[in-house]
Structure formats: C-alpha cells, structure tokens
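User: I have a model open and want to go through a few local features. Can you take my questions one by one?

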Amino acid sequence: MKRFIIKEFLHIFRDVRTMLILFGMPLVQVLLFGFAITNEIRDARVAVVDAVPDVATKDIRNKLFASGYFTGGEILAGQHEIDERFRQGDIKMVVVFEPEFAQKLERGENPIVQLIADASDPNAANLLVNYATGIINAYNRSIGYGMQPAVIAEPRMLYNPSLKGVYMFVPGIITILLMLVSAMMTSISIAREKETGTMEVLLVSPLKPFSIILGKVTPYVVLSFINAVSILLMSYYVFGVPVKGSLLLLLAESILFILLALSLGIFISTVANNQQTAMMLSMFALMLPTILLSGFIFPIENMPEVLQWISLLMPPRWFIVIIKSIMLKGAGFAYFWQETLILLAMTGVFILASIRKFKIRLD
Amino acid sequence: MPDVSITGEGVGKSYGTTTALKGLDFSVNKGEIFGFIGPDGAGKTTLFRILTTLLLPGSGKVSVEGYDVVKDYRILRRILGYMPGKFSLYHDLSVEENLRFFAGIFGVDVHENYHLVKDIYSQIEPFAKRRAGKLSGGMKQKLALSCALIHKPVVLVLDEPTTGVDAVSRREFWEMLLRLKSGGITIVVSTPYMDEAMRCDRVALMQQGSIMTTGTPQEIIAAFPRKIYRIKGSGILDILRLTRNMKYIRSAELFGDAVHISTENTDQAPTAGEISQYLSAQGLSGHTIKEVVAGIEDCFIDRMKQQPDKHE
Amino acid sequence: MNEAEEKNGKVIEAVELVKRFGNFVANDRLTFSVQRGEIFGFLGANGAGKTTAMRILCGLSKPTSGKIRVAGYDVYTQSEKIKQRIGYMSQRFSLYEDLTVWENFRFFGGIYRMKSALIRERADRMLGRLGILELRDTVIASLPPGIRQKLAFSIAILHEPEIVFLDEPTGGVDPVTRRQFWEMIYEAAASGITVFVTTHYMDEAEYCNRISIMVDGKIEALDTPEQLKKTYNAGSMNDVFLKLARRNEEQKKE
C-alpha cells in the first residue's frame, strides 16, 4: 500500500503536465478570475441627461468627471436617447438629473440623480454605479448634509437586474478545480495504466481492487486539499475575500466534495480504456456541467425548468451552496445539512458503483 | 508421466462475433519451457490472459498448478509471474523504483528476494537511477523480467517477450530463460518468431485460434511428411511461377532469396534433378537445387495449408 | 529519371552522410548507394540510427553534412522533388482504418495529384492481382492484417514511385502472408521500383539483394546476404548480426 502511494506521488511529481494542471492552473485561474472581476474601471464613457443645468448639477458633473473613472460627459437631448446610445455600445452609463435640481436641493426636497448602467456587462455596470454613488455621497457630505443624504442616487440596472454570480468566483473556482483535479486526474491516471498495460500486471498481482483504488486516490485527496487551502489563502491575501463562517467546517465539506469527485473519477475510469477517453469524458461529463449548470456562472433560477431539474444531479451545485453559505454568509451547519447529506449520499453511490464496476479481470 | 503444471481442455473464447480461441487442448509439464508459436492474431495473448486469470474462458477448463483459473484466481495471482506483451513498466519511474514497486505489490522485500533476480538485474543495475522509459528494448525486457520474478513465482508467463528487441538481446534473453528453467520454474512463452521455437522444450504451433500441432521441435520436424528442395538462382519470381505449375508440387514459397519447394508424398513427385531439368528447359539456367531438412517454418506453412479455413 | 541518375543507375547515393543532434552522432559518415530495381535492406538494432538516415533520404530531415542524392535530386535543396518520386509504408501507420479500400486509394492517389481515372484504373488492377476486387468498398478495419499489409504496400506504390521506403513492414504476420508480401516486393522490384527496407528482424534480411548493417550510427557491413554469411562464417543473418555486435563490444572495451 505504502509503495503504491509513493509510486503515485512519483508519477505526479515527474509529469510536468500533471504538475501544471495541479498547481499552475489554480494559481492562474484565481488570478485571472480575480483580476478580471475586480479590476478597476478607468475612463468609462458616460453620458449625461441634464435638461435644466444649474449650479448643483454642474458641480456634481465636475466631480464625476474629475474622478478619473469617467470620461465623455456628452449631454444627451433627453431620456429617449438613452436606449439608442446603449445599443450603439459606446457609452456604459448615463447620469440623469432631475429638472430644477438646485432649487429642490435648496428647499431640502432631496432631488434624484438616476444612474442608468448597461448591465449586459454586469460586473462593469456594478462598479460604475458604485463609483458614481460614492462620488455623489461625497458631494452630499461636502455640502454639509452629512448623515442625511440630500441628493439621492438611484441606480437602475438594465438587462440583468439581479447581478448574480459575480461575487461567486472564489467558491466557483474552488468547486471547478476540485472537480477537475480530483475526477479528471484520477480517471486519467487509471486509464493510463490500462493504456500502457501496467494494469494487467497489477491485476495479476494479489492486490485487491479496493487497495488499487485507495492507492490511486490517496495522493489526489492530499493534493486537492492542499489546492483548496491555497486557493482560499490566495483569495484572502490577494483579493481580500473573507471566510465569514467556520474555516474548519469549510475544510471538512471540501474533503467530502473531494471524495465525491474522486469516486466520480474512478467511476469514469471504469468506463474509459485510454487517457483520451478519460479526458473527454471528464471534460464533457464533468467540467462543462460544473461550469454551466452548477449556478457558478448562470443563476439556476434563470434556467429553463428542464435544466433546473438536471442541475439537481450536479454535485457541484450543492457544494457551491455550501461553500457560499460558509464563505460569504457565514452560515452554520444548520443551514446546509441537507446539501451535505445529498453530497454524502452521492459519494456513497459512486464509491459503491466504482468498486462494483472496477473489474478484477480484463474484458 | 512427468508432473503437469498447466492443463487446458477445450479452451474457447469469443469477442462478439469473432472467435479468438477455438477449443484448445494442451498441457504444460512442470519445469519445462513451453512455447506457443504463431503470428499476430493467432490467439496467443488471449490464451495467456486466460492462464493468468485476467480473462474468463468462454468455454472449457484451465488449471494451473492444480488451481482453477476461474475459481482460484486469488491463489493463482500469488504464484504467477506475468510479463505482458508491452513490457508493462512505469516509464516515469526509475529502474529500481519499478523493481521496488512490483516487489511491494506482492508484499515481498527486494533485499530478501534479491538473489532470485540477481543474475538478470545485475546487468541493468548500473542504470538503477535511470527512468525505465529511457532504457533500450533489451534493458526494458530485463527489467520487466526481474519485476515478474521478484516474488518467486512458480509459473512464469511471458507474452511475446522478444518482440521489438534486437538480435543480441533476444539471444541473451533465451539464455536467461534456460538458467531460470534449471532453477525449476515452469515457463510458458509466446512468440511470432519461428526460429525461437527451437529453444523451447515443447511447442504448440498456433494459427487463427487453434493449435495445429504440439510436440518437441524435433518431433514436429521429424513428422514433416514431405521432401523439401531449396532452389537458388536469378529470376526467383520465374522459379516460383514455373514450379507452382508443375505437377505433384505441394507448395513453392520464398525463403529469403531462395525458393523452398515441397513435393507431394507420391512416387510420381519430381526429383531434384527433374525439377532442375524442367527449369532449364524453360530457359532458366544457372540455378542450384538441393534437398534440405525441413525447418519449423516449413512445418508451420505446411500445417497452415492443411487447415480447411486457411488464411484469406 | 534525370541525367545524374541516368549516368550510373544509382537511385540513392550517399557519400559521408553525417547527422548530429547536439553532441550525439546519429549517423556517422554513411557511404552507400542503391541501384535501380534493387531490394536494399537497412538493418540495425533499435536506436542504431536507421530511422534518422531514412528520414534524411525521404527529404524529411536535413543531414548535417555529406553528399546525398535520391532519385537524382539533392536532399538539401530538392526535397520537394524527392517526395514526389518516393513511396512510403510503415507498420505503424499506413491506411485509414475507418475508410474503405477504395477511399484510401483515392485519398493517397489524390495526394500525388493523380487523376481519378488513373487511380481507379490502377487500383482495380492491383486489387485484381491480389484477388480482392470484391473488397473494394470494405472498411479497412474489418480486414485481416495480412490483406491490410498488402493493400498498404499497393497504395505506397500506387503513384509508381522510383523508390519505395518500407519501415519494418512485416513484423508479426504469419509465414504464408509474409511470403506473399515479399513476392509483391519482388514483383515491384522487377518492374523497376527500388525497394529500401529498414528492419531489426534479421530473418527479413535474407530476402534482400544487398544489406547494410548499422551498429551505433555506423555502417559495419554492406554486402549480399550470401557474401556476409561467408565473410562472417555464419549460418544465418542472425548469426552475422550477433558476431558484428560482439566485435563492436570488444572494440569498445579496448
């Protein structure tokens, strides 16, 4: 057993490609997603609807365009032009001032600035609105209203009002990577032994199927766990994504998910006879559904009903709920024991199935 | 009666509609080198996988050292040494890591059992740190053999151990097998090379899933029922064409740059002189003809042509 | 056939062919020539440098130095012309298994820009000679290895090349099929196609007109099989090879 695990580690450490997938990819993915999503926006083109310009609206406009975030400042003829300009795609946000702005302000009537953003790029829209709101709040303070806002910024997201899925990149990446590393790498490594013929020798030896499986998965449990931890560390230190709930609970749930992914990987390898098939199966049977149907990128409630049903079968879907609850909401076990139970049941099924399907002979 | 190590009775195996093995009967004695000789597709690998408990026979019974390959596979997997066709080594592990690993999965210690493989392993020991993937064919073969021997198997099963290995290594390999045999181990080996048959104690000639004949190589050659003439000369294609048209000629086949002719077993069959005269009469002069003793390859071809469902 | 070749009848001519990879000398001053219509065996153990040399002759790789002409063309500057005049077959890859016999013919004929009518005519003639006309529309994967091998060779000479290169063509087939295959090779040679065979199986060597044996990147022997057996006082080509290898070992020790 010990020899088996050592051998497996040697395979991993000696293969540059495996090492890259194991350790290079998490790093690249976290950085890529992290920077792509949190990257500051500079010089976004913004237009203005200011039907009756006055001192206050000019002041706010100046502050907005001096901030460095926004450029342009083109004045549109009226609300009716907004849609047209968004469609042309050259502006990202429109700032709409109420008429009689300064007068209302003076009378203490809280005039409204509408921030209309093109949320077909939800991430950028969100940022722009946040920046603009911040600047308007600063203006509030500067004219002495302090806690009670004088000007009310009223953001409206067009095209994608809920803006879901944007903050989920860390939970999502952890899920994808654990799935990929655990399932794909084990299925490939077992398929490789079939391809090179070494599986024949293993089968002819007194090793039991259980030992072969255990020897195969142990290294990947360890490495996947290290991976999960390093993603968490990286997202905390590089992007400041906190873990609000119990870290211990998070790690325990991760191990459960790793085991599930590994048993899936072994299950795949009982079907695939060469590395290429194992790779394709993991890609299409695991990776794409994980990305598309788990709610990582596309919100499940927006999917057609059929896909919603299918997504119930996706292990990552449940894990994402759990990990999100712990990391972002700080929720405790009571909130996701059902999801945990589902994962446990799935793991059981796959382990049983793969031990049963793992052949003691060739066919 | 010598002690029997392996027996097969009516061993058959089909994959879908293709029949890989058509009911083989054979027995291998303890301590002998038994060769299954035949081309690719004869069914050697399928048979060996059944012997090593990797495949279930479709029909018939096989027992190894008294154990049934289906029921007693757990016991057999302890006492068999198996070297599959492709030298199943881990190419990314070093020579010594491979040996240690294979010892490990049989639960034996390399140091305790070192004496079993010393003869062979010492030849590759200078490269102990080298990755198995970087070894030459001959060295891979020695390493694979060491790995198959490290747990002191009672029966050693070698599937085409000399394929893809150069002539020098092939020769050395057979010398190693002879030494192993003197240690009492039973060796079953397969090969597509007819010349290697002569190295075995007994052989079975295989073709398309059947055994055509079994015996010592000497017996098989002695049983060859016909005369063989070897003709050399220029215009080899013409010699082939002309002799094939002659009466009572059973076959005319290329053997290197010569032609081997076997005649029918009758008094009317042409003699060497008559064949030579005939060729000269057809304008082919300057050839030499002499009677030769049949080789295993002649026997194989002859048996193949007797088969009712012969190739193509 | 161009002028240079017409003069001496040499289809392949290599003088002091050297190929180096860094410090490693894969081919060490190989000098040999092959006559039109000859069956030339290029023998050696795995790693002796056969494949490297053959790649150079096929115009796939440039030699480090030496003067090499193939089909009358220079391998340094005229490799495209060479490729038009050679055929190639190896045991590893030869035919597309998921295509039919005819589709393979059409594809490989197309590579050499043969007209459809010509491909059809030659394919039918070749299949007829093999007695397998009825297999024209059969998928390769469902054919036995012996037939596949003969088809692969037929396709390699479909465009009537001057030279056909065979890379370890006959491993593992039964003795009858192997002989039928060699008969095809003899017929091709008789029709004027030069045959260049690399192999590490010594028994194949017995079928060749002349043989060169490579050991560690050098040509150690070059002659007819008959003469080699006499020179080395050996019963078979296998023994010749063993003696050569042993001599080489001893030289290394000294």
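User: How are helix 4 of chain C and helix 5 of chain C oriented to each other?
Analyst: Helix 4 of chain C and helix 5 of chain C are oblique to each other. Angles under 35 degrees count as roughly parallel, over 145 as roughly antiparallel, 65 to 115 as roughly perpendicular and the rest as oblique. The axes of helix 4 (residues 101-111) and helix 5 (residues 116-130) of chain C cross at roughly 130° and come within 10 Å. Axes are lines fitted to C-alpha atoms, for helices over the stretch in contact, with angles from 0 to 180 degrees between N-to-C directions. Helices (H or I, at least four residues) and strands (E, at least two) are DSSP runs, numbered from the N terminus.

User: Before we go on, what are the ground rules here?
Analyst: This is a predicted model: local features need pLDDT of at least 70, side-chain atom pairs count only at pLDDT 80 or more, and totals for chains, interfaces and linings use all residues. Residues are numbered from 1 along each chain as its sequence is written, chains are lettered from A and ligands numbered from 1 in the order in which they are written, and side-chain values use heavy atoms, with hydrogens and water left out.

User: Back to that pair in chain C. Which residues of helix 4 of chain C meet helix 5 of chain C?
Analyst: From helix 4 of chain C, they are C:Val101, C:Trp102, C:Phe105, C:Arg106, C:Gly109 and C:Gly110. Their partners in helix 5 of chain C are C:Ile119, C:Arg120, C:Ala123, C:Met126 and C:Leu127, where contact means heavy atoms within 4.5 Å. By class this contact of helix 4 with helix 5 of chain C has 7 nonpolar, 2 polar and 2 charged residues. Ala, Val, Leu, Ile, Met, Phe, Trp, Tyr, Cys and Pro count as nonpolar, Asp, Glu, Lys and Arg as charged, and the others, Gly among them, as polar.

User: And helix 8 of chain B with helix 9 of chain B, at what angle do they pack?
Analyst: Helix 8 (residues 236-245) and helix 9 (residues 272-281) of chain B pack at about 115°, with axes 11 Å apart. B:Ile239, B:Leu242 and B:Thr243 of helix 8 of chain B make the contact with B:Ile275, B:Tyr278 and B:Leu279 of helix 9 of chain B. That contact between helix 8 and helix 9 of chain B has 5 nonpolar, 1 polar and no charged residues.

User: New topic. How many disulfides over all chains?
Analyst: The count is 0, a disulfide being a pair of cysteine sulfur atoms within 2.5 Å.

User: Where is A:Glu100?
Analyst: A:Glu100 is in the loop between strand 3 (93-97) and helix 5 (101-107) of chain A. Its phi is positive, near 55°, and the residue is not a glycine. A:Glu100 is partly exposed, at 43% relative accessibility.

User: C:Asn233, buried or exposed?
Analyst: C:Asn233 is exposed, at 63% relative accessibility. C:Asn233 also has a positive phi, about 50°, and sits in the loop between helix 9 (225-231) and helix 10 (237-253) of chain C.

User: Last one: what does A:Glu193 contact, leaving aside neighbours within four places in sequence?
Analyst: A:Lys7, A:Glu8, A:His11, A:Thr198, A:Met199, A:Leu202, A:Lys216 and B:Tyr90. A:Glu193 lies in helix 7 (residues 169-196) of chain A and is buried, at 2% relative accessible area.

Note on methods
Buried means under 20% relative accessible area, exposed over 50%, partly exposed in between (1.4 Å probe, protein chains only).
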